Amino acid sequence: MACQGLAKGETTNTLKAESESLKAKLEEERAKLHDVELHQVAEKIDALGQFVMKTRRTLKGHGNKVLCMDWCRDKRRIVSSSQDGKVIVWDAYTTNKEHAVTMPCTWVMACAYAPSGCAVACGGLDNKCSVYPLSLDKNENLAAKKKSVAMHTNYLSSCSFTNSDMQILTSSGDGTCALWDVESGQLLQSFHGHSADVLSLDLAPSETGNTFVSGGCDKKANVWDMRSGQNVQSFETHESDINNVKYYPSGDAFATGSDDATCRLYDLRADREVAIYSKDSIIFGASSVDFSLSGRLLFAGYNDYTINVWDVLKGTRVAILFGHENRVSTVRVSPDGTAFCSGSWDNTLRIWA
Amino acid sequence: MTINTLSQDGVQRQQMPCLTKMERMIISMQDPDMGIKLRNQRLLITVIPHAMTGLDIVEWLIKKCSISDEEALHVGQLFVKYGYIYPLKEPRNLILKADDSSYRFQTPYYWMSTRWPASELDYAIYLAKKNIRKQGELIEYEKECYNALHKRINHTWDFVVMQAREQLRASKQRRKGDRIVLECQEQAYWLVNRPPVSPEHYKLTTLTKNTIAMLTPWCSLKYIGVSNLNGSYVKYCEQYQPHDPIMQGCLPSNPWITDDIMFWNMNSETYMFIVALPTKLRVERWSFSFMELLNDQMGRKEFLTYLEKEFSAENLCFWQACEDVRHGETAKIPEKVDEVYKQFLAPGASRWVNIDSKTMEKTLEGLKRPHRFVLDDAQMHIYFLMKKDSYPRYLKSELYKNLLARAIVPQETKKSVFPFMRRQRHSSPSPALATQTAEDDGKAKYSNSNSGTASRL
């Protein structure tokens, strides 16, 4: 971050006033247009019929709370991480465990599968993100070839490979996000702008592939330019911590799940919130969200052990899925959209289809 | 590697190699024979030993490093900035003047590399001492810091004041010359480690300025409003609905539900299964957007075949090479960029790509100092060229239409006669194996992942 000082005639108060007046001006402009909301536009389309989704696989093997999971691009393998420090790679289709790594720390809050399928990245309370190449030699200890890539000054909350195995994007409890080169462990870019822990990030599925969104405990969701490190857009309408952020498949919007028990959809072109998914009966926070392949459905895992399925366009809840016996910590749709996986504090993972 | 650059540790860790180099030079500056001649300097009425003038420093650097005046002054400045040398007369001004102003070497105890933990407590004691000495005459930012610290570590404030008084009393016992030197050393240390703007202040200023920079462009745009944009969500959802297995099912069947993996086999990305003909849905999807075409390995291959017929295949190859630079290993960037230049950009190159002169000029200029994004402008130009020109024509071409006509619509898997008998779930080769074999053949490591930007397939 290029630290800026005050120019002549500026004080922190004048700057604050200028910032506030700009925000007010934008709000004024928005109010002038009598915008038709998303759910109103969606009134014309057919409602979704009876929704039946069942648990098709239950993956048992973790000794403690499952905190995170990620799909492999082969559409059937997954990696999951847990509070007990274990990171397991499964073939979710057969429910076989293929690899297991024991991390030197507990609370492994982040894990990610490399695009090639040859490695996994994970981290948590050790403040680091480490990459483990997956070896098929049963006798080889995966921990031996571990590569320490990222180093934060607080816990690692989320990590993701960019388009290749060579770069990793991380977010941390120290309030920053960072981009790293895997081979050298070099910091390529850092992103400052959150004023509290950053809990989640997601890469944009855009043509130029240069932006990502992050959400944190400061209730803000920020959009960043990966090249310059600049914060290009910011959204602050949630009433509590944002636990998870996910892009809408077209890349024009993103959804958030928050401790305020709502999920929201933000449009990047209009620079505002366009939908809010909430219900009086949903009191507990949403920990994780993901879209179905077409973007019509939003799956959200909650701290009250349930998964709610929302109609993204109409704003209504389509189904509520029971099954987990404790908080749902992570929800991810498979790369080809055939199923989604949920991980929970009840030590299991479930595949739903 | 910690990224908190405002912290003590952050600064040191980033600069450790240069600190070692600096210290080596400082030590040779102090060499009794070959170093700078030190003498006593008069500061008001006191005589300070072991001091030197700014001019001495610059001249020594010129001689030792065989550099110009300007460069010597610049290097000397760095020593002062990082606290290895400090000025006696105007200590607040951490700059080097090539005249007869007096300077001294900082004691190694206070060197940056020594990592003496400059804690809040130490800083508080220092400010308290100053406060007592100058009887409440701290300068603006010091006052701010002092008050902030007083609030933050209020519980140990008695200790702070007591320590300050004790240290002041001890220093009064010393000779005036020594006392002044010690005061200067300490002051210099704190000037370097707690520069004249408080970190909170800096942070707030930077964040607010960034917010203003972010909001300003939106104010000048004619505000779009969401009515137009909401339609795009409906359109997108409707277009992709047939491709969404959870919404509409998939043919022959969803593997998770029926335990039949035909769906995966038929849509295989990799060439481990020789996919004779793609499904109709898959080929249709290539027409949704240029990105969809490029994200599918098979689609990309088909498009390349088409471009070869049009003699413009170098465009796609160039684009792929640029992706490889952007997402590849940092260490390999210079050599990769060089390869790209030789193959695609150099005059008379075998696969020369047609970029407008302005972009070409800018790119060639940037190639002098190759970095990850140096080819971005050129890559974007070619990408949009293909998107606006070749891609639409491909969709209208015989090659595409033929494939679409021949593409298959799978039969729905018949439900098992005995529904309680579960089909056997076959395992599949791990992707780690696939690439290990490829590695053995000396091929590229992540050929599977070269499917463009992150997508949901």
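In this predicted model, A:Val328 stands opposite A:Ser344 in strand E27 of chain A. The strand that pairs with E27(A) here is E26 (residues 328-333) of chain A; the two run in the antiparallel sense over five bridges. On its other pairing, E27(A) is joined antiparallel to strand E28 (residues 348-352) of chain A by four bridges, and A:Ser342 stands opposite A:Arg350 in E28(A).

| Hairpin | Residues between the strands | Turn residue | Phi |
|---|---|---|---|
| E26(A) and E27(A) | six residues | A:Gly337 | positive, about 75° |
| E27(A) and E28(A) | three residues | A:Asn347 | positive, about 75° |

Five of the five residues of E27(A) (residues 340-344) are buried, so the strand is largely enclosed by the rest of the structure.

Chain B supplies residues to the largest nonpolar core. This core has 39 residues, of which B:Phe303, B:Phe318 and B:Leu345 touch the most other members. Helices of chain B that each supply at least two residues include H14 (290-295), H15 (297-309), H17 (333-345) and H19 (376-396). The largest share, eight residues, comes from H16(B).

Leaving aside residues up to four places away in sequence, B:Leu345 touches B:Phe318, B:Val340, B:Trp352, B:Val353, B:Ile355, B:Met360, B:Thr363, B:Leu367 and B:Leu375. A second, separate core of 29 residues includes A:Ala275, A:Ala286, A:Leu298 and A:Leu313.

Conventions. Residues numbered from 1 in each chain as written. Chains lettered and ligands numbered in written order. Predicted model: local features only at pLDDT ≥ 70, side-chain atom pairs only at ≥ 80, totals over all residues. Heavy atoms only, no water. Core = buried A, V, L, I, M, F, W, Y, C linked by side-chain atoms within 4.5 Å. Buried < 20%, exposed > 50% of the residue type's maximum accessible area, 1.4 Å probe, protein only. Contact = heavy atoms within 4.5 Å. Pairing = 2+ DSSP bridges.
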